[in-house]
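Student: Hi, could you walk me through this one? I'd like to start with a helix and then move on to the strands.

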Amino acid sequence: MEIRNLITFTKVAEEQSLSKAAKELGYAQSTVTMQMQQLEQEMGVSLYERVGKQIRITREGQELLQIAAHIIKMSQEALQIGRRTPETVRGSLRIGVLEVLAGEQLSGRIQTYLEQYPEVELDVRTGADSQELLEHLRHNEIDLMVTLDHYMNDSMLVHAEDRREQLHFFGATNGSLAGRSRVRWEELETGPWVRGNRDLAWEQELEQKICLPQVRQVTIRDYRMAAAAAAGGAGYLFAPDRAVEMYTRAGQLAAIDYEYPGAEWWLQTIYHKNKWLTGAIQAWLAMSGDR
């Protein structure tokens, strides 16, 4: 049953005339007649009778009119979903973010989102590693996850946004390796090292590479605190650029020019393939700008 036939039938009942309904809808009268015949064949009953030049709606037709009014109203509301202005996007949005990414860039995007969609209830939680966020996603405890890791291939996951991200070795700007045009690994591996959350993929990869018990290593799971310690000369830190941006911008930390022969790292926004994308979710994904 086509909605356009229900709309035509409603107009025929309103005008009590096929020709007047055709004129109102911009159809040829033959089109209106054909649509009414299709509707009657589908219903298996007569929906109207001709009384002179006028149309009289049958009892079955009156029943259909009541139902048609609801169907047409619901179809119109459904069409408005994609036409909403920011002010009409409402509901909730739950985002899980890798803890190390919870910095100024993401905060800026959150602020912009809240300004554009004031009726959305936003819930942002952080996770220590990607696996923790994945568990929340699989149990429908969050709608989206934002993580930095190896590219996550999983048939149950949909990648909404992906971008290569840079990780570097950082040291205090007044350190011996700062400002060097090129640094050898042998110079780095002597340490000391400031280590972040060792459950993260790049920390585990680094663990396999240095693997030297005689090298002093200080573990600080909070990357902001780890960056502060490295800026104070406590040791070298291997981290995403955005995790230490406050200290590099202030000139307290400098990237050490060494090309790390490790894996590619991807900044990824992911949702479960069975997730219904609400207006609030689509609005977040449609936003331009950095995360």
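Tutor: Happy to! This is a predicted model, where local features need pLDDT of at least 70, side-chain atom pairs count only at pLDDT 80 or more, and totals for chains, interfaces and linings use all residues. Residues are numbered from 1 along each chain as its sequence is written, and side-chain values use heavy atoms, leaving out hydrogens and water.

Student: Okay, which residues of H3 are buried?

Tutor: Val-32, Gln-35, Met-36 and Leu-39. Buried means under 20% relative accessible area and exposed over 50%, with partly exposed in between (1.4 Å probe, protein chains only). H3 covers residues 29-43; helices are DSSP runs of H or I, at least four residues, and strands are E runs of at least two, numbered from the N terminus.

Student: And what does the face turned away from the buried side carry?

Tutor: The exposed residues Ser-30 and Gln-41 sit on that face of H3.

Student: What comes after H3?

Tutor: Gly-44 follows H3, and its phi is positive, near 80 degrees.

Student: Switching to strands: how many bridges join E3 to E4?

Tutor: Eight, with E3 (residues 91-98) and E4 (residues 120-127) running parallel. Two strands count as paired if DSSP finds at least two bridges between them. Leu-93 has Leu-122 in E4 as its bridge partner.

Student: Which residue stands opposite Ile-95 in E5?

Tutor: Leu-144. E3 pairs with E5 (residues 144-149) over three bridges, again in the parallel sense.

Terms used. Expected span 1.5 Å × (residues − 1).
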